[in-house]
Amino acid sequence: MAHREGVPNGVMGIKRSRVKTVPEHPNEDGDEDHTEQETTLQEPAVKPKQPALKKVSTSSQSSRRVSFGDGGVNHIEPEISLQVPAVEPKQPVPLKKVSTTSQTSRRVSHVSSTSSATGRRRSRKGSFFVADNPYADSLSAYEPEESDDESINGKMSMKTKVRDSRFCQRKRIVRIIVLLCLLLGLALGLIFGMAIKKEHDRTAGSEDGTVLESYGRDGIWNNIRLPKTLTPLKYNLHIRTDLTNFTFNGTIDIFIKCIKNTEVVLIHSTQLEIPLHTVTIHPENMHHEKDRLHLKRDPWFHEEHQYLVVELKTPLKAGSVYKFSAMFSAPLLHDYNAGYYRTPYDTATGERWNAATLTALTLARRVFPCFDEPSFKANFTLTLDHEPNYVAIANMPIESNTTLEDGWVRSKFEESVPISTYLVAWCVTDFAYKEITTQNGVLMRVWAREDAVDTVEYALQIGATILDFFDEYFGTKFPLPKLDSIALPGFPYGGMENWGLISYKPSRFLYKESVSPARNKEGICSIVAHELAHQWFGNSVTLKWWDDTWLNEGFASYVGPYIGANHAEPEWGLNDMFTIRSMHPVMTIDSLSTSRPISLPVATNEEILQQFDLISYRKGASIIRMCSNFLGEATFRKGLKKYLAEFEYGNAVRDDLWKHLNDVAKEDGRLFIDVKEIMDTWTLQMGYPVVTVTREYGRADGNLHFRTDQERFLLNPQSNMTTNYGDLGYKWFVPLTYTTSRDAQFDMPSQEWLSPGHKLTVSVTGVEESDWLFVNVEARGYYRVNYDENNWQLLTQQLVDNHQVFGVTSRSALISDAFNLARAGSLNQVIALNITQYLTSERDYVPWVTVKDVTGYIGDMLGKTGAYGDFQKYMLHLVTPLYQDLGWTDPGTHVKRQAQGIAVSLACSFGNEHCVTEASRLFAEWMQNPSVNPIPPDVKQAVYCTAIQHGDQKESTFAMEQLETTNSDTEKLLLREALACTQMPWLLQSYLTDTLDTPEDTKTVLANVAKNSLGARMVWDFFWENWDVLRKTYGDRAFYFADMVSSITAKLNTKYELKQLQSLIKDHPDQGSAERALQQAVESTQANIRWIQNNYNDVATWLSNQIDTLGL
């Protein structure tokens, strides 16, 4: 297990925000006197062995810190050098009895040095009560001991005794009466006080409009959303990054406009160490110390919602501008969840480190105090101090570089445009770069390790082409003077769209013609286009809150790869690949009852993380594409331009987009149904429909008549439909496109609307009963189609006779619909299997990707059964003609190169002897001369896996050696996948165990081992046994943990495995970002069990008959 630097051994690096306390100084009025301190940054000598740090000074030469550490761990990090006047330290008062001579009680405060009366007044204000002050050490109240009122010194007379006895009785009666009165008064006071508090909480404000935030445990800090009382205008942020000692510290000034009178300032902050005395608020143009605003009590941290809470004695006034200032520091961890982290890479001279931010979602608050919500946009002025052997890059161009007295460099950047905190970015790096200036004058630079900078050329050139295209397509030009991109080793995501400084995973960004396969090149083009589309959708126009995450990600996922990249590489036919890259994968997830609506209210940080899934990205892209199809591309683009122009530098919600699209649709006469009404049925409820098409045969008029109806499509109709999400009756506005064999119109098909709650009957003249009907032409809509059995047979026969009548997208959709309907029990599995008979004539890439997907599922289900042998023979029969046609030589075009890759992969995996022999020969040739790799890039994946699968330990050893020595990130990715192909269980187990030492690779390794029939069970056991480590390491990352769960559980199909999965969920209720993925895993496993029970016999019989008929 890897050691997480900066964290004590055994503690998985989750460190809460910490604040330092300093002694309070009551003035003569009993109020705290906060003296403003100079907030200069610590500037140690270059590369000190230890940071020159000073603690906050007190008379005892010590300072006190309060740490919110997990499990009670008080994690101490180097402090910022601060100077404060010496004062008397706070000391707890020892318990002691109080003399009765004073005839009064004394309340002792841990800091108060004023009179008893003053001390009591201060206590009642709440400044020192434990219930109100989380940083108070102690608060003790002591009552005087009881003593008799008279001393007995000798004998008393009987008369005196009687008199005294009567006096004592009267005294007791008086005491009882007084006590009863006190109790009655206390009860009435409590009742009255609660009534006042209830009314106070209900109104949540005062008569003059001030938001009264000081209502204790019911304060506005108990809401994940920031109040709308304040808005940031500008940040001045100064950061000093120490890559020798792995720390950073800084100062921040936030200029805040008050929207509504308020006594409380909430600032997001977590895992930062903040000296309390540096937290100040004062009017923007403060000229005198007397103008400084006094605090009601020390700032404190609200752990659940990650707020630094500052309570003021007098409210901020609406319309005024104030400056919030603070100092902060934190360790620079090797942890991508830290917000600002260090990332290693290897060179010929040893390991090197860079520092980079990843503020996406809610991580900015871990880097600097801020208003960390997307709607709180502001201008940023950034200054970075760094060691002289590094350079700094950020969102904006550098304004100046200054060498400091200690030899460090201070880089100051130009002020940014208004930007959300999750897009703020900078890097301190020693990478090299290449640059180009676009036709529209934007300087583009691409940064990478010096030994990899020769692989950035494709990303640089294609990026410039797409950026210029988007300037014209969107009608608003990219607003920044420069755009940097950087390939960061170990980056956990494919890319992050920081405005003006985009971060990428190297394997998704760097390309070398002789090394990287065509699929990798396509992926680079697509992800670059995706991130560039975000510069408009997300950066310029930003979602208001994370419930509309899909508005950012869905648009970037459609407009980027299928409009921007398609423009840059038109010969690739990227639009034909939409179904296999985006729509079909998400339809599988969205056909589960545990799916979710695409637009979903979120109320916790965990729910925000779970928004970043296939639903937001690929379903978002699918319904946007559908909207473009039914509006027409020209109308759709016109609406986008107006939307982007109106909300430039602002925030929007989905209804804003629907309004602009609806307005232009009416102008163009394209639509007579409200766009919002249509699209709400696709965004406000989960799932999608299956449209059932039933033809009416035997009609006397000789025309085609068909009826359509819709219902929600579920892979497992028997699943539990109970959900917390709303729905619209699971009915949709469906744009129904169709064509027939009479005209076979796939470019401009006929269209009708199937509305919620209505059935649709369509009549088509001149079409005979023997003609086929095809609905959802080119998969323009996000739905599946089922036909009557006769029409299925007509479509199947057309594929056998001449499959090219249908476009590649329509063929892909037909195969996907048939097999998924059969998987759900809505279509006989034999009908779906019959469609595959035409595949011996299929040579196009897109349909074969779909075939690999749907038959791969059947193979996974049959893998433990006696029918798998027949399945393997049949699939080999189907793929052999494709393999023989494409062979091992370069087939030429980009799409054919990808088809060759899938042909060799399938042929070798199903045991084609020629394929296995050739793959093993090529790998052996490479082993003999490791400096020259003879394997064509597009078949590397298949060759590496096949050679290791059919070889012995020496092939795996060689692959591991190459993995450790290559500097190609693409090659590393291919080798990691291939190492999981071994059939030696001890090697698989070692591979799994070792992956815990390289956490950035764990998800990839587990997913690849899970594909191996031998490793599937092993990786499930490994996941179970290492749950705690995996949850702590990955559970708070978007995508990562959920993807890991989905890949590991995909093949589970027994009741025993289902029971294990349910036990895992029960035993580990804290599931982080994988909560929904685990629920979906249960439902998928139940569906798998159901498929085996309902389909195994039919499939086994059909396969056996095919083997006999074909003589295999």
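Modeller: Gladly! Let's begin with accessibility: buried means under 20% relative accessible area, exposed means over 50%, and partly exposed lies in between. Keep in mind that this is a predicted model.

Biologist: Then is R519 buried, exposed or partly exposed?

Modeller: R519 has a relative accessible area of 38%, so R519 is partly exposed. Its salt-bridge partner is E522, with 3.9 Å from N to O. E522 is at 2% relative accessibility and therefore counts as buried. Both residues belong to helix α4 (residues 518-534), where they are 3 residues apart, about one turn of the helix.

Biologist: Which pair links distant parts of the chain?

Modeller: Look at D548 and R654, whose side chains form a salt bridge (3.2 Å, N to O). They are 106 residues apart: D548 is in the loop between β25 (541-543) and α5 (549-568), while R654 is in helix α10 (residues 654-668). D548 has a relative accessible area of 3%, so D548 is buried. R654, at 18%, also counts as buried because the cut-off is under 20%.

Biologist: And what about D372: which residue does D372 form a salt bridge with?

Modeller: With R365, the closest N and O atoms being 2.9 Å apart. D372 is buried at 2% relative accessibility, and R365 is buried at 3%.

Biologist: Which residues are linked in a network of salt bridges?

Modeller: R240, D385, D406 and R410 are joined in such a network.

Biologist: How many salt bridges does the count come to?

Modeller: The count comes to 54 salt bridges.

Technical notes:
Residues numbered from 1 in each chain as written. Predicted model: local features only at pLDDT ≥ 70, side-chain atom pairs only at ≥ 80, totals over all residues. Heavy atoms only, no water. Salt bridge = Lys/Arg side-chain N within 4 Å of Asp/Glu carboxyl O. Buried < 20%, exposed > 50% of the residue type's maximum accessible area, 1.4 Å probe, protein only. Helix = DSSP H or I, 4+ residues; strand = E, 2+ residues; numbered from the N terminus.
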